[in-house]
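Welcome! Here is a short briefing to read alongside the structure.

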Amino acid sequence: YNAWIDLFGWGTSGYHAPNDLNNRFYMPYSIASRNISVPNNTNGYGPSIDRDDLNLTGKSSNYDWGVYNAITNGGNNPGLWRLLTNDEWQYLFCYRRHAVDKYAMATVGAYRGLVVLPESWILPAGCTYQSGCNNGYLTNVYSPSQWSDMEDAGALFLPAAGARYDTTVSSIAQNGYYWSSTYYDQNSAYLLLLESGRVSTGGYNRSVGRSVRLVQNVDGETLPCETYGDTTITAIDSLVWYSNTYYTSGDYERRLVKSNHMSCDSVVVLHLTIRSALGVDAPKGHETIGVRAAKGSIVVDGAANHNIKVYDVTGRVVASDASASQHTTFQVPSVGAYIVKISDRPSQKVVVTSR
């Protein structure tokens with residue numbers, strides 16, 4: 001082998017558990033096709049579903065690059081570094097206090113990526129910072145010397161390094177993918193996704209080569225015993241948050257046990273507003289108006305000259321017509337539930353199940 005790889009399939013630390021026969025691809029340079037079918041582990045990457053620990057933690061922690069390997073520029077001993085969990089990625093970008101102000105798209109020299117700020121932060125002299133992703137990777141632009149000052153102040157940069165499919169690398173300077181240690185299913189694992197204008201987490205194919213960013217547990221420092229994060233959400237009818245379903249408005253607290261890997265817990269607070277979508281029948285005496293789901297769309301019949309708006313479950317308007325025709329079709333961006341509001345009539349809930 002005469003090349004190098006820095007985009008890795010999930011769990012390819014070099015460790016192979018003797019009793020995990022379905023974990024066929026475990027070396028960092030593994031480049032097996034995504035189409036290989038392996039029982040209990042669709043693509044042969046990471047722990048198999050017949051093991052006790054499906055995440056790269058606990059009994060399966062050696063599948064984590066930083067746990068199994070000595071990082072030469074980070075102490076040069078195994079067990080000093082590790083991946084973030086999916087909960088920790090979400091904590092950074094969603095649930096810590098003022099989370100939305102502490103990350104931003106940027107270009108550093110010739111490289112595009114994401115800037116992440118620490119809890120305490122003072123902007124260096126001669127630098128600017130605009131949070132968010134509204135202008136893609138041009139939201140912030142830094143010279144190498146400016147970035148050196150930002151880094152000295154505690155800022156972190158995650159390059160948009162693309163992804164590797166077998167031996168082909170694509171999406172360089174367009175997208176970034178950073179593995180977590182958290183299992184999604186026998187085909188996928190959770191990761192952080194960066195693309196121009198958006199930061200999110202989700203489950204993605206384990207066999208695709210992606211970036212790895214290791215972290216160390218904090219030890220021996222004076223830190224606050226609890227860190228807090230606040231988020232405000234408006235939802236229709238109900239909301240699923242940390243596996244619990246909420247049907248009424250209110251403030252809800254969730255304690256993430258040692259999720260910040262300090263010596264104590266983190267607390268996140270949800271400020272929730274629930275909007276009702278009840279009342280699917282038009283009031284008595286009004287003309288008959290029909291609302292139905294179609295392939296990738298919502299069709300409204302019999303609402304000529306009415307003002308119609310279609311909302312997604314977050315309350316965002318995704319389609320509208322101020323003076324609809326007798327038969328109006330609204331295209332929607334994805335499958336799922338939508339709320340249709342026709343002039344002063346009660347809202348109607350419609351579920352689009354195919355595109």
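Two strands pair if DSSP finds at least two bridges between them, and strands (E, at least two residues) and helices (H or I, at least four) are DSSP runs numbered from the N terminus. This is a predicted model, in which local features need pLDDT of at least 70, side-chain atom pairs count only at pLDDT 80 or more, and totals for chains, interfaces and linings use all residues. Residues are numbered from 1 along each chain as its sequence is written, and side-chain values use heavy atoms, leaving out hydrogens and water.

**The chain as a whole**
- The protein chain contains 21 strands and 3 helices.
- Of its 355 residues, 42% are buried (under 20% relative accessible area with a 1.4 Å probe, counting protein chains only).
- When contacts (heavy atoms within 4.5 Å) between residues at least 6 apart in sequence are considered, 56% join residues at least 24 apart.

**Strand 1 and its cover**

**Partners of strand 1**
- Strand 2 (residues 111-116) runs antiparallel to strand 1, joined to it by 6 bridges.
- Within this pairing, Val 116 of strand 2 lies opposite Tyr 103.
- The hairpin of strands 1 and 2 has 2 residues between the strands, and Gly 109 there takes a positive phi near 60°.
- Strand 3 (residues 141-142) pairs with strand 1 in the parallel sense over 2 bridges, and its Tyr 142 is the bridge partner of Val 108.

Note on methods: Buried means under 20% relative accessible area, exposed over 50%, partly exposed in between (1.4 Å probe, protein chains only).
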